Amino acid sequence: MSLKSERRGIHVDQSELLCKKGCGYYGNPAWQGFCSKCWREEYHKARQKQIQEDWELAERLQREEEEAFASSHSTQGAQSLTFSKFEEKKTNEKTRKVTTVKKFFSASSRTGAKKAEIQEAKAPSPSIHRQASIETDRVSKEFIEFLKTYHKPGQDIYKQCKMFLEAMHHKRELSIEEQSECAQDFYQNVAEKLQTRWKVSPERVEKAMDQIEKYIMTRLYKYVFCPETTDDEKKDLVVQKRIRALHWVTPQMLCVPVNEEIPEVSDMVVKAITDIIEMDSKRVPRDKLACITKCSKHIFNAIKITKNEPASADDFLPTLIYIVLKGNPPRLQSNIQYITRFCNPSRLMTGEDGYYFTNLCCAVAFIEKLDAQSLNLSQEDFDRYMSGQTSPKKQESENWSPDVCLGVKQMYKNLDLLSQLNERQERIVSEAKKLERDLIDWTDGITKEVQDIVEKYPLEIKPKNQALAAIDSENVENDKLPPPLQPQVYAG
């Protein structure tokens with residue numbers, strides 16, 4: 001017997017309001033007659049089924065694309081596609097695959113709000129819609145594969161990353177410091193959300209943050225690394241010029257406990273220089289930090305082999321300075337600024353990566369302020385080394401061993417001749433400048449003497465006298481003249 005109750009004069013069959021699944025709770029017409037708990041279970045099952053189907057479709061399309069691409073390189077036959085048809089098919093399949101991948105992470109529901117989210121997720125983003133490089137495609141695929149292990153949190157992470165990239169596109173007019181703050185806030189918000197909302201373990205949170213940083217910074221690298229709105233490039237040139245001027249610095253001056261005559265140590269030094277140079281080729285801040293870490297470990301190994309004991313921090317920093325001077329890494333300041341601005345802060349504040357990065361920053365600061373006192377040299381020797389007049393690495397001829405190659409001896413003799421010619425050239429330039437100053441002083445002296453004479457004996461130019469009037473000209477003053485003389489005739 002069904003229970004009936006009267007609400008506002010309308011008889012309602014209570015059995016029709018119960019959950020369709022038969023759990024005993026009341027259902028909701030908006031949830032198609034299920035209660036909230038059963039609706040979530042049904043939605044989750046349907047969602048998982050849809051996810052599985054989408055990925056199967058994506059994998060099938062990927063296989064078909066690879067088979068079509070392979071068949072295009074085989075011998076042309078009757079059954080092979082023409083080039084134009086193959087390109088058309090490849091483009092269509094690629095479009096379908098991208099749509100499928102977006103569909104996997106886009107929210108799906110039978111309600112109006114969920115459908116709106118699907119349409120928004122499928123719409124192409126104008127900010128990141130560009131020709132992706134091979135590395136960007138590879139990183140995107142790795143990121144999607146990684147998020148598959150996180151299930152529901154992975155969908156939310158992908159959505160948040162897409163929204164962040166879209167927001168950064170509209171913030172390119174902001175200063176690099178403001179863009180850095182946005183990135184750091186994004187890292188913090190995602191990490192907190194994974195820990196508090198999704199209850200992800202700290203180890204998995206760290207792995208997720210590394211993948212998130214790799215995904216977003218690979219796409220933002222060309223816009224935020226050494227931007228034109230900063231003076232990073234100018235600082236790079238200053239540091240590079242400074243390191244080139246310090247090419248003469250020897251390990252002994254820096255108290256570096258490394259003996260490069262040992263083959264193993266020499267190999268470690270070469271590897272350390274290679275790693276620090278390779279840092280510039282990486283896009284992700286974490287990968288740049290990894291290069292610094294590998295370089296530092298090679299340095300520790302070189303010190304350990306030389307001293308036959310573990311290296312200390314006092315030995316590490318001078319050796320790192322020497323490696324930087326010897327390698328002269330490209331765009332050193334830009335890489336340091338890029339890591340500082342956009343690296344996951346947890347990596348810079350903790351762990352060996354942060355320690356080695358701090359030492360690299362100290363090494364660069366030391367190089368920028370390096371002077372004679374830092375190397376225990378006199379100021380005169382330091383200035384001569386910096387100007388290139390001489391080098392502390394040059395050997396004297398009497399100290400050469402008999403086994404030294406004749407070509408090396410001749411090279412040093414030529415260097416001595418060049419040094420003498422350089423000194424003569426400098427003397428000639430100095431005398432020419434002195435002669436030029438003397439000529440300028442002589443000209444100024446003559447000019448001053450002339451001015452003094454002109455002031456002492458000024459030249460006075462009198463006006464021209466008025467012309468005398470002609471005798472027969474009309475002159476009003478003729479009446480005042482005496483009468484003309486009369487000629488007198490003498491009889492005789």
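## Salt bridges, a helix pair and a buried aspartate

Lys297 and Glu352 join their side chains in a salt bridge, N to O at 3.4 Å. A salt bridge here is a side-chain nitrogen of Lys or Arg within 4 Å of a carboxyl oxygen of Asp or Glu. This is a predicted model, in which local features need pLDDT of at least 70, side-chain atom pairs count only at pLDDT 80 or more, and totals for chains, interfaces and linings use all residues. Residues are numbered from 1 along each chain as its sequence is written, and side-chain values use heavy atoms, with hydrogens and water left out.

The Lys297 pair links distant parts of the chain. Lys297 sits in helix H10 (residues 285-307) and Glu352 in helix H14, 55 residues apart. Helices are DSSP runs of H or I with at least four residues, numbered from the N terminus. Lys297 is partly exposed at 39% relative accessible area, and Glu352 is partly exposed at 41%. Buried means under 20%, exposed over 50%, and partly exposed in between, using a 1.4 Å probe and protein chains only.

The count of salt bridges comes to 18. Asp381 and Arg384 form one, with their closest N and O atoms 2.7 Å apart. Both lie in helix H15 (residues 379-387), three residues apart, about one turn of the helix. Lys448 pairs with Asp452 at 3.5 Å between the closest N and O atoms. These two lie in helix H16 (residues 406-456), four residues apart. Lys448 is exposed at 52%, whereas Asp452 is partly exposed at 37%.

Now back to H14. Its axis and that of helix H12 (residues 332-342) come within 12 Å and cross at roughly 145°. Axes are lines fitted to C-alpha atoms, for helices over the stretch in contact, with angles from 0 to 180 degrees between N-to-C directions. H12 contributes Leu332, Gln333, Ile336, Ile339 and Thr340 to the contact, and H14 contributes Phe357, Leu360, Cys361, Val364 and Glu368. Contact means heavy atoms within 4.5 Å.

Asp232 belongs to helix H8 (residues 232-245). Asp232 is buried, at 2% relative accessible area. Leaving out residues up to four places away in sequence, Asp232 touches Cys226, Pro227, Ser334, Gln337 and Arg341.

Last, the cysteines. The whole structure has zero disulfides, a disulfide being a pair of cysteine sulfur atoms within 2.5 Å. Cys255 is exposed at 57%, and Cys343 is buried at 1%.
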